[in-house]
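This report looks at one strand with its neighbours, and then at aromatic ring pairs. The sequence and structure are shown first.

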Amino acid sequence: MLDRPNVLVVISDQQRSDTLGFRGQTPCRTPHMDRLAQEGVSFDHAMTPCPLCLPSRSALFTGVYLHENNMLDNTKSALSECQLLDTFRSAGYQVSYAGKWHLGSGNIDMFTDRNDGDSTALYSQWCAKQGIIDGWTFNDPRVRTHREPSMSTPVALPLGIQTEMTNDAYIADFAIDHIRTRDRSRPFFQVCSFNGPHPPFMIPEPYFSMYDPATVIVPENFGPQLDEPEVNQTSYYRQLFLDHGVDFDSWRKSYAVYWGFTSLIDDQLGRVLSELEAQDLMKNTIVVFLSDHGENLGAHGLWHKMVAYEESIRVPLIIRVPEGKMQAVRSKAPVSLIDVAPTLSSLCGLPMHNDWRGANLAPVLCGDDGPPPTRPIFALHRPLGDWMHTKPWRMIEIDRLKYVWHDGDIAELFDLSSDPFEKKNLAIMTEWRDEVRELHKQLVTLMCEVSDPLANRAISIN
């Protein structure tokens with residue numbers, strides 16, 4: 001049994017892929033994430049199946065799309081099957097989970113041997129016992145909107161507690177304790193799931209002042225774009241963008257603190273990796289680092305996520321196989337978080353589920369070819385309620401052409417090779433009509449294959 005590798009899965013929340021330091025796209029420094037990329041494979045074109053916490057995590061842990069396990073709602077859904085964790089538990093692994101679960105209330109015990117750190121209420125109580133202010137910053141009205149429902153805003157404020165008292169350090173402490181107190185007669189599957197860098201942007205020093213707002217460069221796609229769907233204009237998250245300000249100067253500190261928050265998460269990752277090293281476990285532990293989705297930060301005039309634009313839907317995904325032959329590789333293969341379940345099962349010699357939708361990326365980690373550029377990558381989102389003032393959408397990306405079908409609104413088509421900021425909607429141009437028709441056809445085919453409830457509505461559009 002112990003000849004099987006251990007697995008550590010580290011999840012950040014709402015982290016854009018351009019924050020990874022080794023990519024050099026922003027000033028953000030992430031030495032521990034960079035280390036994993038140096039010792040493994042970074043999938044630069046990784047995408048989430050849904051840019052929203054619960055649906056994305058459901059696809060990650062089940063290997064099927066969110067509508068297939070009825071996990072479309074971010075607050076009411078509850079996981080009834082967890083194929084990835086169940087596969088490892090059935091094989092004798094000790095499954096431990098530290099931090100944010102967000103896959104239903106009261107059901108985590110069904111899928112884990114041990115779990116700690118999910119309850120934010122217990123964390124707030126812990127802060128009170130330590131004699132410090134509440135570190136769960138969602139409880140601070142200064143960083144929440146006056147609108148209903150009350151969401152976090154881009155406002156950035158310093159948090160008056162020590163780093164080791166933050167919620168993410170609290171979660172890392174649980175993960176470290178799980179590793180220290182593990183059943184040493186069995187391999188382990190350990191999840192460390194952080195809440196950052198999801199806003200509110202309230203973090204302690206030195207992270208709050210780590211990056212200078214004056215150095216933040218205005219993104220090419222900041223603010224509303226030409227030829228955008230009407231749903232962008234009516235979106236609740238456009239209102240939150242407008243509330244914060246259309247002048248980029250009002251966003252500079254938000255960007256700087258977002259990067260600082262990411263560096264804080266990186267340091268907590270480093271603490272967990274250091275514990276593996278202290279116990280001589282790195283040589284037999286697969287490490288996966290990923291985020292569930294990104295953050296718009298004013299791109300396309302939107303706050304938060306839930307759209308198919310790159311800032312929202314593209315995610316970090318790094319896989320380090322111990323003593324693997326593939327190191328410091330940046331793969332351009334089209335991949336999705338739905339690929340994680342079959343990949344980890346394959347790497348550990350465990351059985352696959354027949355209904356898993358993802359691709360096995362283990363060959364890439366062994367030096368073989370990965371999924372071809374023509375592999376279709378699928379993503380979707382359903383509005384959380386009428387208050388969002390948006391429409392459901394479906395997306396397919398093939399060979400860097402991203403097509404987005406909005407139910408009841410104009411379509412979008414972007415050539416990511418020439419237009420990475422998605423400023424030019426090709427779907428409205430006559431010369432791209434054939435490509436739009438073909439991509440829509442392939443999208444419908446994929447929707448039918450996965451029994452998408454909107455397939456019939458998409459079929460009627462030509």
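Strand β1 covers residues 6-12, and seven of its seven residues are buried. Helices (H or I, at least four residues) and strands (E, at least two) are DSSP runs, numbered from the N terminus.

The model is predicted, so local features need pLDDT of at least 70 and side-chain atom pairs count only at pLDDT 80 or more, whereas totals for chains, interfaces and linings use all residues. Residues are numbered from 1 along each chain as its sequence is written, and side-chain values use heavy atoms, with hydrogens and water left out.

## Partners of β1

Two strands pair if DSSP finds at least two bridges between them. Strand β9 (residues 285-291) runs parallel to β1 and is joined to it by seven bridges; the bridge partner of V10 there is F289. Strand β7 (residues 188-193) is also parallel to β1, with five bridges between them. In β7, S193 stands opposite I11.

## Aromatic pairs

Rings of Phe, Tyr and Trp (its six-membered ring) pair if their centres lie within 6.5 Å; planes under 30 degrees apart count as stacked, over 60 as edge-to-face and the rest as tilted. The count is 26 aromatic pairs. One of them is W126 with Y170, which is tilted because the planes are at 55°, with the centres 5.2 Å apart. This pair links helix α4 (residues 120-130), which holds W126, to helix α5 (residues 167-180), which holds Y170, across 44 residues. W126 is partly exposed at 22% relative accessibility, and Y170 is buried at 9%.

F222 and W251 form an edge-to-face pair, 6.0 Å centre to centre with 75° between the planes. F222 lies in the loop between β8 (201-203) and α6 (230-234), and W251 in the loop between α7 (236-244) and α8 (252-278), so the pair ties together parts 29 residues apart in sequence. F222 is buried at 14% relative accessible area; W251 is buried at 0% relative accessibility.

## Ring cluster and a charge over a ring

Ring pairs link a cluster that includes F222, W251, Y255, Y258 and W259. Elsewhere in the list of contacts, the charged end of K253 sits over the ring of F208, 4.2 Å from its centre. The rule requires NZ of Lys or CZ of Arg within 6 Å of the ring centre and within 35 degrees of the ring normal.

How values were computed
Buried means under 20% relative accessible area, exposed over 50%, partly exposed in between (1.4 Å probe, protein chains only).
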